[in-house]
Amino acid sequence: MTRPETTRLVMKFGGTSMGDLERIRRAARIVAAEAASGKKVAVVVSAMAGKTNELVAWTDGAGPAAAGLPLSDDEYDVVVASGEQVTSGLLAMTLRNMGLNARSWMGWQVPIVTDDAHGRARIVDIPGEKLGAAVDAGEIAVVPGFQGVTPDGKITTLGRGGSDTSAVAVAAALSCPCDIYTDVDGVYTTDPRIESRARRLNKVSFEEMLEMASLGAKVLQTRSVELAMAKQVPVRVLSSFIEPDESGQMPDKGGTLICDEEEIVEKRIVSGVTMSRDEARITLLGLSDRVDAPADVFTRLAEANVNVDMIVQSQARTANTVNLTFTTGRRDAVRAADIMKAAQADLAFEEIRVDEDVAKVSVVGVGMRSHAGVAQTMFKALADKGVKFQAISTSEIKISVLIDAAYAELAVRALHSAYGLDAV
């Protein structure tokens with residue numbers, strides 16, 4: 001798939017890029033440069049960095065609903081959606097002050113139609129006709145990310161990182177690419193703060209980026225990558241700290257293009273190494289060895305919306321029992337443990353252990369589909385550094401291992417070197 005033949009472009013600026021008035025002015029100069037090059041621009045913005053946390057704290061401070069009344073999730077959304085409304089207005093004002101035709105469009109004005117799951121709504125539809133007509137007529141449309149509206153007119157928010165999803169959804173509605181400006185200049189082979197030899201990737205496939213985002217890479221929100229892949233929206237990750245030159249033209253922006261796998265001519269065996277410390281390992285010791293025991297365990301967790309990742313079952317010392325180990329996010333660990341303890345008599349296990357001092361390290365690459373020896377390279381590199389793994393999970397294009405948290409950064413550096421990523 002190639003980038004659509006269109007002059008339309010969606011640009012998205014995150015919270016760091018909207019952090020204060022000077023940064024908003026820099027974003028406005030970048031938008032102006034794209035408009036001057038002939039692009040028909042829509043801009044999606046986040047709230048100022050830290051503002052959403054402040055607004056959430058205010059809602060917490062307002063206290064819980066009175067007895068007998070439902071939770072005020074709808075009013076929570078009214079409050080926390082206001083951060084993006086502020087930056088939308090400020091960016092539109094700044095663009096107008098530069099002599100450009102700009103206007104802010106609130107989520108309900110576009111409209112960005114969502115379901116009614118307040119605080120974690122999902123986009124249902126964005127009719128692009130009105131917004132597209134305005135953009136094609138030369139207006140720079142500034143749209144607040146993170147927010148939408150239900151069919152019956154109530155404001156909703158999309159959950160943390162929702163502005164990335166908003167931007168991709170708007171780009172899909174306008175049938176155009178999406179440039180996401182953030183505080184990094186692209187997607188790297190691993191976190192440069194851990195491995196100084198990390199390299200920026202020119203292109204990454206949708207599938208690779210989806211795995212990397214879900215496994216700990218913080219560049220893009222997972223739902224935004226899912227949507228980009230489903231709607232075939234090319235997404236470019238760029239630095240918001242670049243500046244137009246004196247003539248108002250943008251320099252070579254570099255960045256990373258997230259696109260269909262077919263656009264990547266030379267497919268790397270491994271494209272990146274990720275690490276997540278947001279992991280907890282839960283082990284049920286002496287679980288009954290009856291055939292439906294694991295199904296009983298994971299049904300209870302699923303009914304409580306606890307996501308489980310890695311699963312390992314091994315024979316226990318006691319006859320007719322097994323040890324069942326699984327991982328979940330740290331925030332879910334206490335709840336998962338409480339669910340298991342409450343059902344201990346029914347599940348018939350002897351003991352439960354919870355370990356939060358673990359990390360998940362993963363290697364990702366579409367080249368794994370057609371190359372043997374990827375796992376062998378991984379396990380040898382870890383063994384050479386004395387790193388033991390506690391659990392493994394795989395997909396067609398990734399291998400993840402659970403290890404002691406103390407060895408996480410060592411493992412990342414070892415794997416980065418083992419797959420030659422410092423030479424990409």
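Here are some notes on this predicted model, point by point.

1. First, the ground rules. Residues are numbered from 1 along each chain as its sequence is written, and side-chain values use heavy atoms, with hydrogens and water left out. Because the model is predicted, local features need pLDDT of at least 70 and side-chain atom pairs count only at pLDDT 80 or more, while totals for chains, interfaces and linings use all residues.

2. Let's start with the rings. Three aromatic pairs turn up in the whole structure (rings of Phe, Tyr and Trp, its six-membered ring, pair if their centres lie within 6.5 Å; planes under 30 degrees apart are stacked, over 60 edge-to-face, the rest tilted). One of them is Phe13 with Tyr181: the ring centres are 4.8 Å apart and the planes sit at 15 degrees, so this pair is stacked. Phe13 belongs to strand S1 (residues 8-13) and Tyr181 to strand S9 (residues 178-182), so the pair ties together parts 168 residues apart in sequence. Helices (H or I, at least four residues) and strands (E, at least two) are DSSP runs, numbered from the N terminus. Both Phe13 and Tyr181 are buried (under 20% relative accessible area; exposed is over 50%, partly exposed in between, with a 1.4 Å probe and protein chains only).

3. Phe298 and Phe326 make an edge-to-face pair, 5.6 Å centre to centre with 75 degrees between the planes. Here helix H9 (residues 293-303) brings Phe298 and strand S16 (residues 321-328) brings Phe326, a link across 28 residues. Both Phe298 and Phe326 are buried.

4. The charged end of Arg103 sits over its ring, 3.8 Å from the centre (the rule is NZ of Lys or CZ of Arg within 6 Å of the ring centre and within 35 degrees of the ring normal).

5. On a 1 Å grid over the protein atoms alone, a pocket is an open set of points with protein on both sides within 12 Å along at least five of seven lines; a cavity is a set where a 1.4 Å probe fits but cannot get out, and lining residues have an atom within 4 Å of a point. Strand S5 (123-125), helix H6 (162-174) and helix H8 (222-231) each give at least two residues to this pocket's lining. By class, the lining has seven nonpolar, one polar and five charged residues.

6. What does UniProt place at Lys12, Phe13, Gly14, Gly15, Thr182, Asp183, Tyr188, Arg193, Lys218 and Val219? The unreviewed entry gives "binding site" there, though annotations may be inferred rather than shown by experiment. These residues span 208 residues in sequence and their farthest two C-alpha atoms are 24.5 Å apart, so they do not all gather at one spot. Of these residues, Phe13 is included in the lining of the largest cavity.

7. Lys218 lies in the loop between helix H7 (206-214) and H8, and Val219 is in the loop between H7 and H8. Lys218 is exposed, at 76% relative accessible area, whereas Val219 is partly exposed, at 21%.

8. Finally, the ACT domain: UniProt lists residues 282-366 for it, in an unreviewed entry. That span is 33% helix and 38% strand, and its end C-alpha atoms lie 31 Å apart.

Note on methods
Ala, Val, Leu, Ile, Met, Phe, Trp, Tyr, Cys and Pro count as nonpolar, Asp, Glu, Lys and Arg as charged, and the others, Gly among them, as polar.
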